[in-house]
Amino acid sequence: MTAPTPTELHPLDLPAAAMAAGIRAGRIRAEAVVAEAIARARAVSEPLNPFTLLREEQAMAAAREADLAVKRGEATGALHGVPFAAKDMTPTAGDLTTLGSWTEDLRPKESALCIRRLTGAGAILIGKTTTPEFAHSSFTYSPRWGVTRNPWDPARTSGGSSGGSAAAVAAGVVPFAEGTDMGGSVRIPAALCGTVGLKPSLGRIPMTILPSLFDGISHFGPLARTVDDAIAFMEAASGPSEEDIQSLPLTFSGARARGGVLEGRRFALSVDLGYYEVHPGVEAAVRAAVDLLRRAGAVVDEVPIPWTRAVSDQWLDLWCVFMSAYFGDRLEAQRQRMDPAIVALMERGFALGATEIKRVELLRTAMWRDMARLFERYDALLCPTCAVTAPPADAGDDDFLETGDDGRYRGLDMTCPFNLLPQCPALSLPVGPAADGLPVGLQIVGRRFADEEVLAIGRAAERLLAAAGRIGAFPPWHGARLTRG
């Protein structure tokens, strides 16, 4: 499909903070912005399938109320009138929440804290986005909702597990959407769809939706059009809460996150993390971005990382136990309605012993010591977010488990290592297309709890990439193109 480029940006295409400022000033009507978001959501629903439901009546009512609040001179939040979307994993009050599964038909009485904070800042929830069953996969497919596709090429996957959120953002429906990340589920679809995606440090956004509050690999995070939109999300959603015992007593500084420079920064670069087979097109795009960083005055040294495939394999062991412990009680009654892939994960989880899982901590300890030494000299580690560009939509995780004859791991994502080091924030930043025209993400991994620093680096790099013409284009399946074309 070839569609015309929009000749005029709609207020919906503004950064979230500018959109909210325009609504507060009366220059923009929230009702018009939300109506456009819903129109775009409808336009991309059939070709891309990013939504499980649209909250059209509720969202339009909230938008009208937002405009009335401005007329009445009432106090308004930093995201007043800004539309956003939330993942089907995450409870939102009164909305069907299925976790991508036929086994769930929940209508929660209360939204998750992350969502309450966003709406408390004035943002308007317009819909719920697709996820693979129980968010188990790097491909967004579920028996209940089908396949979610990539706005750059609907024959390709949007990634997972926050694939619906990534597709909605990349298609211009919303400036940001909520996602969850246990092994890369924010960063993988962000990289494959060409959006920004952040796994914050563990505890920066309270994680309140799992059966256990003591899980150590799980994060809420934004999928966003720009780093500024990710910062706006973090300003609203982060901060401590008694609802999560692991939430950190840290406030988030948007000013620090917006204040980054590249000159004089020192970065370590690892293209392969020691063991991945990285597609040449991905490597070329990452190296082109690194060249721009060097020209801007940053020092980028290529460093060896002594990791092996054991990192990905032992993360997978934890993932299997995560699935069997939290959702395995569905198997006895619902096995036939569930994705066979998640059934296999659960069965493997049940078979693993407690000692095996405890020993994963020994690997994680060695990994952290490697990173701690690296951070003595460098401000951040740079590496690809994914080793490949977006695979076909009908592929699956099992297609990315081989080890080549050269000993290289032919995996899809390069994200799960940093869920084993969950205190380190990791940002996926789009750095332009590979030779196949599909997006590539650069992963920026920072020191413990240095979320603002990682975002500041990403923001400065984003501006550099935009000035060089590497990023900023609309994908062919963009909501504005479809509604106006």
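C416 counts as buried at 3% relative accessibility, where buried means under 20% relative accessible area, exposed over 50% and partly exposed in between, for a 1.4 Å probe and protein chains only. The sulfur of C416 lies 11 Å from the closest cysteine sulfur, in C386, which is too far for a bond. The model is predicted: local features need pLDDT of at least 70 and side-chain atom pairs count only at pLDDT 80 or more, while totals for chains, interfaces and linings use all residues. Residues are numbered from 1 along each chain as its sequence is written, and side-chain values use heavy atoms, with hydrogens and water left out.

A search of the whole structure finds 0 disulfides, a disulfide being a pair of cysteine sulfur atoms within 2.5 Å. C114 is in no disulfide, and its nearest cysteine sulfur, that of C193, is 20 Å away. C114 is buried, with a relative accessible area of 1%.

The axes of helix α4 (residues 113-120) and helix α7 (residues 227-237) come within 8 Å and cross at roughly 105°. Axes are lines fitted to C-alpha atoms, for helices over the stretch in contact, and angles run from 0 to 180 degrees between N-to-C directions. Helices (H or I, at least four residues) and strands (E, at least two) are DSSP runs, numbered from the N terminus. The contact, meaning heavy atoms within 4.5 Å, is made by C114, R117 and L118 of α4 and by F233, A236 and A237 of α7.

S161 is found in the loop between β7 (153-157) and α5 (163-170), and is buried with a relative accessible area of 0%. Leaving aside residues up to four places away in sequence, S161 touches K87, T130, T131, P132, A135, S137, T140, T180 and S185.

Rings of Phe, Tyr and Trp (its six-membered ring) pair if their centres lie within 6.5 Å; planes under 30 degrees apart count as stacked, over 60 as edge-to-face and the rest as tilted.

| Pair | Centre distance | Plane angle | Class |
|---|---|---|---|
| Y275 and Y409 | 6.1 Å | 20° | stacked |
| W307 and F418 | 5.9 Å | 55° | tilted |

Y275 lies in the loop between β11 (266-269) and α9 (280-295) and Y409 in the loop between β13 (380-384) and β14 (426-433), so the pair ties together parts that are 134 residues apart in sequence. Both Y275 and Y409 are buried. W307 is buried, with a relative accessible area of 5%, and F418 is buried at 0% relative accessibility.
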